[in-house]
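Please open the structure in a viewer and keep the selection tool at hand.

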Amino acid sequence: MDEGTASRARGIALQNALEHGSTSAGIVISKLLGEVPSLRSRAGEIAPAVARIVAEVNAMPGSARRAELESSHAGRLEAPRERESRGPLPPLAGAERGRVVTRFPPEPNGYPHIGHAKAAVINTEYAKMYGGECILRMDDTNPEAERLEYYAAINVGLEWLGLEFARKKNTSDDMRELLSRGRALIEAGGAYVCTCKREEISRGRRAMRACACSARGAADHGERWEKMASSYRAGAAIVRFRGDMASQNTAMRDPALFRIIDARHPLLGAEHRVWPSYDFAVAVEDSLDGVTHAFRSKEYELRGELYSSLLAAMDMREPQMAVFSRLDFEGMPVSKRELRPLIEGGAVSWYDDPRLPTLAGMRRRGIAPQAIRKFVLSLGFTRADTTAPFGSLEAANRAEIDASCPRLHMVRRAREARVSGLPRSVTLQNHPSGGLGERSVALGDGTLLLDAGDADGAGALWLIGIGNVALERDGDGLRGEYVNDDMSSGNARVQWVARDGAVAITVAVPGPLMVGGRYDEGSLREEAGTVEAAWAALPEGQAVQLVRYGYCRKDAPRQAVRAHG
Ligand SMILES: [Zn+2]
């Protein structure tokens, strides 16, 4: 092999090994022939030299591979980066590789659901795409709504999704900073303390007219600010941004920036009673945290103008803002307003009910976290709100879990069949691909359980893994004999369960929780089934495919949840 070809092969091997951890002669040769088609007739001749190069490269540490690529094959270093940045999401305006900072800012006021998953996936994915960082920030400045268990549930849910954050923090960590920036804004005349009644404030906003408080001097408002922390009653005063009372955007009509809340905060207790609004906290935190690209869902789109104006008034750096759409599933509400009465009334057991699109609910149902990630990315970065049928996530899940799902047999209404001529045991594949090994099933005295729907009226059946049997009625059950293993018999292929060791289970079958906007009483059915003995050895949480029934998750020793067909 000439020197030029050897160098080219070495470059390919280094790049491939750096990207995948190791390389092989087959890969290097095929890439080499792709780059230099004239070598195709000499593939046999170059193979030994390529094999030597591959062995050398595989023996090198990653740092040495990178160093040699940088010094001798710099052009090949760019390839994986380009591929990486061509992710499923569109490029970000003004994004610089290595400098992108995004954030996911959930409020710990409820259990995380598919909407949180979407926002978290998009933010972490963009950080990954640009070699940047994503911050997880609990937006916790409304102590009336926030509870410790929600912080924990959000952390657990994100961990389950497999999302990584460079930094985790709480907005409440920065309360002193937020309060001092609020005070400075008042002193600078950019905000004022309003003691008008709630109805007067609403009336003024509708009439586009400023209230009397607005005309007072900054010193006066400084004093009133002090009183908010001490003597004013909750609700008696708020801090308002000096926006634009005549703006067509109602969010700009002197919105609230701080209010008095006397509830105990889950982390800070009674340390503060003046709390920033969502608008103020998010804008200041994004700027302080070094966020370069902030995403918000479309429902908050009108608040973008306020975000910019607030940061401008405080002379703070403004991140790029982009809007993405909300994601809902048909018939599966996520709002607490809709869910709480169902949970309190006992219609829904808890937030991990498999009919709910909460992360805990989807996990119980047997939806794989990778399927959720891929599903969210497959929707892309659309601006139109998405109400997807749950079936679209089911399809993603099926593709994700199928290869790792063992097949097991279950019959629903069991009919006993005594079959003569059977071996003492048979071997069944755990997956048609052969990739999950096999299991031996003892047939005992040949008493099998068949599904009544298959057994009734059928004279001959193909029992999966056994062969053809001929059957006839015998009292309540059936009896018959083994015929042969001729697969061309045309008999219906059915699953069966050996009676010895069979396990009776209950399968919870979730359907849409709401139909036509109303709770559907029949949305969670329970079906009885009998599964083969191998079920008992499966760990809880294992996903299986019950043959001719559907994908299920083992929820408890005698309980399954059906994910989908
Ligand atoms: Zn006022």
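Begin with the largest pocket of this predicted model, which has a volume of about 1,200 Å³. To centre the view, select His 113, His 116, Ser 297, Glu 299 and Tyr 300; of the 46 residues that line the pocket, these lie nearest its centre. Next, colour the elements that give two or more residues to this lining: strand E1 (101–104), helix H6 (114–129), strand E8 (293–297), strand E10 (327–329) and helix H13 (336–344). Which element gives the most to the lining of the largest pocket? It is H6, with 5 residues.

Proceed to the second largest pocket, which holds about 530 Å³ of space. Select Arg 198, Ile 201, Gly 235, Ile 238 and Arg 259, the closest to its centre among the 18 residues that line it. Two elements give two or more residues to the lining here, namely helix H9 (198–207) and strand E6 (256–260). Of the elements, H9 gives the most to this lining, with 5 residues. By class, the lining of the second largest pocket divides into 8 nonpolar, 3 polar and 7 charged residues.

The next stop is the zinc ion. Select Cys 194, Cys 196, Cys 211 and Cys 213, and display their SG atoms: these coordinate the zinc ion at 2.3 Å. In sequence, the donor residues follow the spacing C-x1-C-x14-C-x1-C. What is the geometry of the site of the zinc ion? The site is tetrahedral, with angles of 105 to 118° among its 4 donor atoms. For comparison, the ideal angle for four tetrahedral donors at a metal is 109.5 degrees. Are Cys 194 and Cys 196 buried or exposed? Both Cys 194 and Cys 196 are buried.

For the last stop, select Arg 418, which is found in strand E14 (residues 414–420). Now show the surroundings of Arg 418: leaving aside residues up to four places away in sequence, Arg 418 touches Asp 445, Gly 446, Thr 447, Leu 478, Arg 479 and Gly 480. Arg 418 and Asp 140 are 278 residues apart along the chain, and their C-alpha atoms are separated by 65 Å.

Key: Residues are numbered from 1 along each chain as its sequence is written. This is a predicted model: local features need pLDDT of at least 70, side-chain atom pairs count only at pLDDT 80 or more; totals for chains, interfaces and linings use all residues. Side-chain values use heavy atoms; hydrogens and water are left out. Donors are N, O and S atoms within 2.8 Å of the metal (3.2 Å for Na, K and Ca); water is not among the atoms, so sites may look incomplete. Four donors count as tetrahedral if all angles lie between 85 and 135 degrees; four count as square planar and six as octahedral if opposite donors are over 155 degrees apart and all others between 65 and 115; anything else is irregular. Buried means under 20% relative accessible area, exposed over 50%, partly exposed in between (1.4 Å probe, protein chains only). On a 1 Å grid over the protein atoms alone, a cavity is a set of points where a 1.4 Å probe fits but cannot get out, and a pocket is an open set with protein on both sides within 12 Å along at least five of seven lines; lining residues have an atom within 4 Å of a point. Grid points are joined across faces, edges and corners, and a volume is the space filled by probe spheres set on the points. Helices (H or I, at least four residues) and strands (E, at least two) are DSSP runs, numbered from the N terminus. Ala, Val, Leu, Ile, Met, Phe, Trp, Tyr, Cys and Pro count as nonpolar, Asp, Glu, Lys and Arg as charged, and the others, Gly among them, as polar. Contact means heavy atoms within 4.5 Å.
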